[in-house]
Each structure stands twice: as structure tokens, then as C-alpha cells.
Amino acid sequence: SRRRPLVGHPALYTVTRAGLRAAGLRGIDPVRVSAASSLHMIVCARVAAALESCYPDHTVGGERELRHEERESGGPRASASLGVGADGRSLLHRPDLVLRPAEGEGSPPVAVEVELTIKAPRRLVEICRAWARCRCVAGVLYVVTPAVGRALERSIETAHAGERIVVVPLDALPLAEEATASSISRNV
């Protein structure tokens with residue numbers, strides 16, 4: 001399915017229910033594209049493509065695939081625990097993308113967060129603390145706009161998470177489409 005909710009930005013292509021059935025994928029819902037979510041989705045797709053280009057010996061998966069994998073395995077594979085909910089179940093924070101070694105199970109994955117807007121400071125510190133405690137990932141890569149980078153650096157320092165989280169400016173990635181990272185930053 002093709003959607004283009006934002007003028008001046010590329011279209012998004014998503015798999016339909018029929019496509020999921022044809023591929024034999026069960027337990028994954030089709031992605032819903034909206035104007036509110038589309039810029040983040042576009043940037044995540046570009047970041048995924050850049051990571052696959054930079055790390056050809058790795059694969060990149062998305063949050064929906066991770067959610068399905070964790071549901072099937074019964075526990076976190078690349079998600080950070082934020083504690084326990086009122087129902088007694090773990091509250092997980094899932095990354096936008098997961099970068100995994102293509103060969104073997106030897107190394108844990110890297111969680112990749114794409115942040116275009118600033119979260120509430122308390123929430124961001126909570127997420128950074130959760131990533132600092134998380135041992136199912138090798139570390140966390142935050143790909144951010146300049147404004148988010150400053151706020152995130154403060155949260156990482158407050159959470160004492162500098163050994164587990166790396167911040168990379170969005171414009172540092174090789175994004176090879178007509179809209180560059182800087183034009184995305186201007187539109188956020």
C-alpha cells in the first residue's frame with residue numbers, strides 16, 4: 001500500500017494484510033500511516049537504509065517485528081524494562097529499530113532510537129535509566145535532530161547512562177535521497 005500524507009516528502013509503502021498472509025507472517029498487524037506519524041516513519045526508513053549500508057554484515061528490523069518476536073519468545077529481546085504495570089506485566093520500551101549481526105547469535109543487538117522531537121525531561125531520564133540497566137542489547141544508538149541531542153545529552157548524564165547510549169546527529173548518517181537530514185530537521 002502506498003501513502004503520501006506529507007507534501008514534499010517521499011511516499012511510504014507498507015505491507016497489507018493480504019501481503020502479510022502471502023508472506024506467511026502471522027501475529028504482525030499492518031502499519032497505519034497517518035500525517036502525525038509519517039515524518040517519523042520516513043526518517044526511520046532512511047536511518048534503517050543508512051545503517052544497512054554502513055553495516056552490511058548486520059540486519060535492521062523494526063519495532064513491529066521486535067514486538068512479534070518478544071511475544072513469541074515470552075520475553076524481551078531488545079527492549080528495556082520500565083518496571084511493572086498495574087496488571088503485573090512488564091512495561092517495555094521498544095526501540096524504533098534493532099541492528100543485529102547477520103551471522104550467528106554471538107553478539108547482542110543494538111537498539112536504535114530515532115528522536116525528532118523532545119520528550120518530557122522526566123520521561124527521557126526514565127527511558128535512559130532503563131536502557132542503562134538493559135542487558136539484552138549491546139548498547140543504544142540515538143539518532144537525533146540538534147534540539148533533541150542537547151536535551152538527550154542532559155538526560156543521559158542525569159541517568160548515568162553514558163556507557164550504554166551513543167548519540168549521533170541525524171545529519172551524520174549517509175541519507176541518500178532527495179530530502180537530506182537537514183531538511184528533515186527543519187521540518188520538525
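The model is predicted, so to speak of local features a pLDDT of at least 70 is needed, side-chain atom pairs count only at pLDDT 80 or more, and totals for chains, interfaces and linings use all residues. Residues are numbered from 1 along each chain as its sequence is written, and side-chain values use heavy atoms, with hydrogens and water left out.

Start with helix 4 (residues 121-133) and helix 5 (residues 146-159). Helices here are DSSP runs of H or I with at least four residues, strands are runs of E with at least two, and both are numbered from the N terminus. The two helices pack at an angle of about 55°, with axes 8 Å apart. Axes are lines fitted to C-alpha atoms, for helices over the stretch in contact, and angles run from 0 to 180 degrees between N-to-C directions. Helix 4 and helix 5 are therefore oblique to each other (under 35 degrees is roughly parallel, over 145 roughly antiparallel, 65 to 115 roughly perpendicular, the rest oblique). Their crossing is right-handed: the near helix is turned clockwise from the far one by less than a right angle.

Which residues of helix 4 meet helix 5? They are Pro121, Leu124, Val125, Cys128 and Arg129. Contact means heavy atoms within 4.5 Å.

A cavity is a set of points on a 1 Å grid over the protein atoms alone where a 1.4 Å probe fits but cannot get out; a pocket is an open set with protein on both sides within 12 Å along at least five of seven lines; lining residues have an atom within 4 Å of a point.

Now the largest pocket. About 910 Å³ of space lies in it. Its lining has 32 residues, with Val31, Met41, Gly62, Glu63 and Arg64 nearest the centre. Helix 2 gives the largest share, six residues.

The second largest pocket holds about 330 Å³. Among its 14 lining residues, Arg89, Ser90, Leu91, Leu92 and Arg94 lie nearest its centre.

Note on methods:
Grid points are joined across faces, edges and corners, and a volume is the space filled by probe spheres set on the points.
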